[in-house]
Amino acid sequence: MRFKNSKCLVKIGAMGLLLLNTSLFVGCSADKKDDIPVVENGETVLKLSVPEIEDNLVAESQVSGLQASTKASTGLTSSTGTRAQEQMLSTGEFDVLLSADGPFSSAGIAKKASANQYSAMAVTSEDASVAMVSGTKYILQVYDAKGTTLIKEVEGTVGSDPQITVDGGTTYQWKAFSINEKNVPTSTGGQITAADIINKDVLYASGSLDTKTGQNYLKIVFKHMTARFDIELDTRGIFGSISSLSSAQIGTGTGSSFKSILKIGDFNLSTGTFGTLSAIAADKTGLNMVDKDAVATGTVVKNVSIYTVIPAEDKIAAGKLVFQPIFSISLDHQIAVPPSTASVSTRKYGSTATYLALANPEFTPVTNGKYTLKARFIESPVKVGGISWARSDLWYDGTSGQIDRYRFKADAGIPPYDSDTQNEYWNWMSLTPSGTPEAGDPCSLVYPAGVWRMPRTEEMVNLGNRSAYEYYGFQNSGNRKQYADAYYWFLVANQSWDKDPGSSTGQGDFSGYSDKVIFTFNGYRQSGTIINSRKKVDMHITNSFITDLSMGYWTRDAFGSNAISMVQNVSVNYTKPYNYVTTYGSRSLKYYSKSMGFNVRCVRN
């Protein structure tokens, strides 16, 4: 194109603060991205006001319901739909409190989706729009009046005031694109490839402008070209922060019938449409994972945003929406998973066979809609005799800054945590290990509060009267104790009960120390001293010895100044090398002073 003497500038002013999920685009280009030209004074100028994003994701006052549960839920009704109440799901993998809402839309912005839900709509409203954040990259393309010939493409940065020279007295079509980040993909032949925008907040705007002598103004308001699923993953109830997220898939069906609703395709900058859509790979669903609140919930609650293209025909039938999380957490203490002797610091949860069903009504996801899922994961219990027991003992983490002080040990096989701030010997019904007896049930304070409690006497009797055995994590065809000893492994003096036939094995990659109920001989605290703890013999293979160990677990029942505990002793006779003989006494329920320090094993409410 030949430029006339009178020139027109497209000027992008400094950008304001950008709210979550907003993006900016402004751009002009030919086959290559031009540098920002130097503009002489006194020329015709086209000025852009601070570009904005039409944001339907701001207000949550209008909700069209997704119900989350395996049971019917009445929910809370708003003016436009249903807000699902949180419900418990128990699966073969884990337990979870699950809820869902959506879509959220701003009054005055919400519009009926067009027939082509993933094509660009004209900018028709200035309500509920937000300015872009400084540093955001974008592309602005300028076409001829027919929109067929690309004249210029410019890559700009919000806040840097790029200027574009064009002809005055001319009609142009313009297109703008961004992914709301500090980088922007390169277009090839007018296309942005799907690989470059997987799980990205694709923003687009288009329009026409007629340049004239003097001041010219253009306001660009971008639209979200995707729907957004915001997923809150709360792992406080499994006592570790997510170290990796392999999948946060959302779709319909299970097994070979599973169909993801998370889609992406190439994006055409000229038409503002996506090409053929394909499913977003599971390992790409966690790209946008951040801590929800570094102060309030630290690293144990994550927010994951997933951006997906919504085809017009994607209607979700009632009760068919499913969520498939696969992730690993960092354990608060290292464990071993026999027969390996290597230390393990993570645990994986979920698999491709895991599907969390949402009792959703029939709905059609909409472009620019926001949908939320909240999953609060809870350690699943082990059921023995019809009673659901915690997998390991309750301990108290008094470390400065700890958010959740009431926790279950990483597994039942590791020895007592015996520092001043990590204590698992509890006064009866106390809120701290050595706190005032009868102050409350510490199990009820394990997150989320109210799910667990201390066992009743009859529940302890139910367990204690069952036949138990001594579990060794290390198995071989010869002397199991020799095998354990040779690897400097703990002598785990314990009483173990297998789960009920047909009951769930439980969540995650648990070892043999977590897939059954194991009571260990950790001793007890009396007058401030730990007595007869298994730590007396763990890994002590240099000398022969004979010693007694003790086990004690509180019930929630008391009489007067005493409370009931299940207790048992074991005699350990070690003859060097490799020869352990353990002789167990009988289990019994006895009254003890409420200020005695025994272990606590919680049960489900």
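This is a predicted model: local features need pLDDT of at least 70, side-chain atom pairs count only at pLDDT 80 or more; totals for chains, interfaces and linings use all residues.

Reader: Fine. What is the order of the strands in the open sheet of seven?

Author: The order runs β8-β3-β16-β14-β12-β9-β10. The pairing in this sheet is mixed.

Reader: Which are the edge strands there?

Author: They are β8, residues 129–131, and β10, residues 150–157. Each of them pairs on one side only.

Reader: How many degrees are neighbouring strands turned against each other?

Author: On average 25°, with direction ignored.

Reader: Zoom in on β9 and β12. In which sense do they pair, parallel or antiparallel?

Author: Antiparallel, over five bridges. Strand β9 covers residues 137–143, and β12 covers 171–178.

Reader: Give me a pair to click on. What is the bridge partner of isoleucine 139?

Author: Phenylalanine 177, in β12.

Reader: Good. Now the sheet with three strands. What's the order?

Author: That open sheet reads β33-β32-β34, and its pairing is antiparallel. Its edges are β33 (406–408) and β34 (422–423), each with pairing on one side only.

Reader: How many bridges link β32 and β34?

Author: Two. Strand β32 spans residues 394–397. For a landmark, tyrosine 396 stands opposite asparagine 423 of β34.

Reader: Switching topic. Which peptide bond is cis?

Author: The one from tyrosine 447 to proline 448, with omega near -10°. Most peptide bonds are trans.

Reader: Where does proline 448 lie?

Author: In the loop between β34 and β35, the latter being residues 452–453.

Reader: And phi? What is the value for asparagine 368?

Author: Near 70°, so positive in a residue that is not glycine. Most residues other than glycine have a negative phi.

Reader: Where is asparagine 368 found?

Author: In the loop between β28 (356–358) and β29 (370–378).

Reader: Is asparagine 368 buried or exposed?

Author: Buried. Its relative accessible area is 7%, and the cut-off for buried is under 20%.

Reader: What about phi of serine 527?

Author: Also a positive value, near 55°. Serine 527 is in the loop between β38 (524–526) and β39 (529–531).

Reader: Buried or exposed, for serine 527?

Author: Exposed. The relative accessible area of serine 527 is 78%, and exposed means over 50%, which is why serine 527 gets that label.

Note on methods:
Residues are numbered from 1 along each chain as its sequence is written. Side-chain values use heavy atoms; hydrogens and water are left out. Two strands pair if DSSP finds at least two bridges between them. Helices (H or I, at least four residues) and strands (E, at least two) are DSSP runs, numbered from the N terminus. Axes are lines fitted to C-alpha atoms, for helices over the stretch in contact, and angles run from 0 to 180 degrees between N-to-C directions. Buried means under 20% relative accessible area, exposed over 50%, partly exposed in between (1.4 Å probe, protein chains only).
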